[in-house]
Amino acid sequence: MINEIISMNGYEAYVLSAFSFTLLSFSALYLITKTQFIKEQDKFVAKFGSLNSEKAKSAKSQRINKEILADATNN
Amino acid sequence: MFKFFEPNKIFQITSKAPKYVLLLFIIVLSIGLTEALFLSPEDYKQSDAVRIMYVHVPAAWISLGIFSSVTFLSIFGFIFKNKNFFLIAKSLAPSGFVFNIIALVTGAIWGKPTWGTWWAWDARITSMLILLLFYAMYLISWRIYETEEKVFKITTFITILGIINVPIIKYSVDWWNTLHQPASINILSKSTIHSSMLYPLLIMTAAFALFSLLIFLMKYNTELIKIKNKGLDRL
């Protein structure tokens with residue numbers, strides 16, 4: 001019975017290649033997007049670290065900047 | 001009304017949502033794959049080759065849905081001069097592009113055992129290929145044009161031209177004699193697909209929709225951080 005399921009009446013090469021291509025595309029897109037996100041987040045943290053205390057205080061007054069920093073430290 | 005959707009206000013949600021969406025996606029995809037590969041019945045005519053439908057059809061639906069959303073967001077962004085609409089549209093496009101590729105490739109794989117050919121210049125397939133070209137033009141425009149005003153104008157123009165192709169894709173199987181079969185699922189009339197195949201298809205569609213939501217959220221957060229990076233440069 002297991003052999004029957006796996007062989008898919010002779011169509012296994014077509015079916016499994018279609019599903020594999022889909023899952024590979026998903027993985028590639030996820031990894032590319034995640035890498036871009038981490039890269040941009042790291043850039044933000046580095047830039048923020050290079051600010052003097054006055055500029056850092058001004059930047060921190062924006063809630064979104066604080067959240068980006070918090071998110072970066074959590075990751 | 002649009003102030004509610006301001007990036008500064010929604011980042012708190014969009015930054016935390018991806019991990020929950022990823023978890024939900026994995027659960028729904030696992031159920032969908034089990035149904036699609038093992039539990040759903042084979043077709044009386046196409047036998048097990050019909051299982052390709054569970055990745056091909058949701059990919060095609062979502063790529064069309066995303067392109068339509070990108071178009072409306074670009075038009076609204078242009079009319080209301082709202083940059084955030086463009087940002088949302090830009091973040092949606094990559095997953096739409098990948099779903100379009102998946103629909104074409106899995107369609108070609110499905111074509112070989114059912115039609116005896118990988119590719120045919122048939123109305124449905126050709127119009128899907130044209131949609132892929134519009135996606136490519138849209139994404140390339142964001143990369144090559146530097147000024148915001150110019151990129152907003154050009155991307156809106158591309159999507160308006162591209163949206164003309166969407167009803168052509170939908171009705172191509174009715175308007176012309178094509179190799180591609182007519183729609184089996186209709187919202188307004190009775191569907192010709194059995195529930196044992198319809199439910200796995202809907203589950204896989206939900207999984208694909210969750211994946212596009214996940215990519216959208218990650219991409220949108222990246223775009224927001226990019227803007228904030230530029231803001232730090234100006235301090």
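**Entry 1: α2(A) against α3(B)**

I began with helix α2 of chain A, residues 12–49, which packs on α3(B) at an angle of about 170°, the axes 9 Å apart. Axes here are lines fitted to C-alpha atoms, for helices over the stretch in contact, and angles run from 0 to 180 degrees between N-to-C directions. That makes α2(A) roughly antiparallel to α3(B); the label needs an angle over 145 degrees. I listed the contact residues, among them A:F21 and A:L29 of α2(A) and B:I102 and B:W110 of α3(B). Two residues are in contact if their C-beta atoms, placed from the backbone, lie within 7 Å. By class, I noted twelve nonpolar, five polar and one charged residues in this contact. Nonpolar covers Ala, Val, Leu, Ile, Met, Phe, Trp, Tyr, Cys and Pro; charged covers Asp, Glu, Lys and Arg; the others, Gly among them, are polar.

**Entry 2: ground rules**

I am working on a predicted model: local features need pLDDT of at least 70, side-chain atom pairs count only at pLDDT 80 or more, and totals for chains, interfaces and linings use all residues. Residues are numbered from 1 along each chain as its sequence is written, with chains lettered from A and ligands numbered from 1 in the order in which they are written. Helices (H or I, at least four residues) are DSSP runs, numbered from the N terminus.

**Entry 3: the interface**

I looked up the chain contact: 35 residues of chain B meet 35 residues of chain A. On chain B, α1 (7–39), α3 (83–115) and α7 (195–234) each supply at least two residues of that side. Its classes are 19 nonpolar, nine polar and seven charged.

**Entry 4: α2(B) and α3(B)**

Within chain B, α2 (residues 53–80) packs with α3(B) at about 155°, axes 7 Å apart. The two are therefore roughly antiparallel to each other.

**Entry 5: α1(B)**

I found a kink of about 40° at B:A17, shortly before the proline B:P18. The bend is the angle between axes fitted to the seven residues ending at a residue and the seven starting there. Buried residues of α1(B) include B:P18, B:F25 and B:L29. They pack against α4 (63–74) of chain A together with α2 and α7 of chain B.

**Entry 6: B:F211**

Is B:F211 buried or exposed? B:F211 is buried, with 25 other C-beta atoms within 10 Å; buried takes 20 or more, exposed 12 or fewer. B:F211 sits in α7 of chain B. Not counting residues up to four places away in sequence, B:F211 touches A:F26 and B:F25.

Note on methods. Angles under 35 degrees count as roughly parallel, over 145 as roughly antiparallel, 65 to 115 as roughly perpendicular and the rest as oblique.
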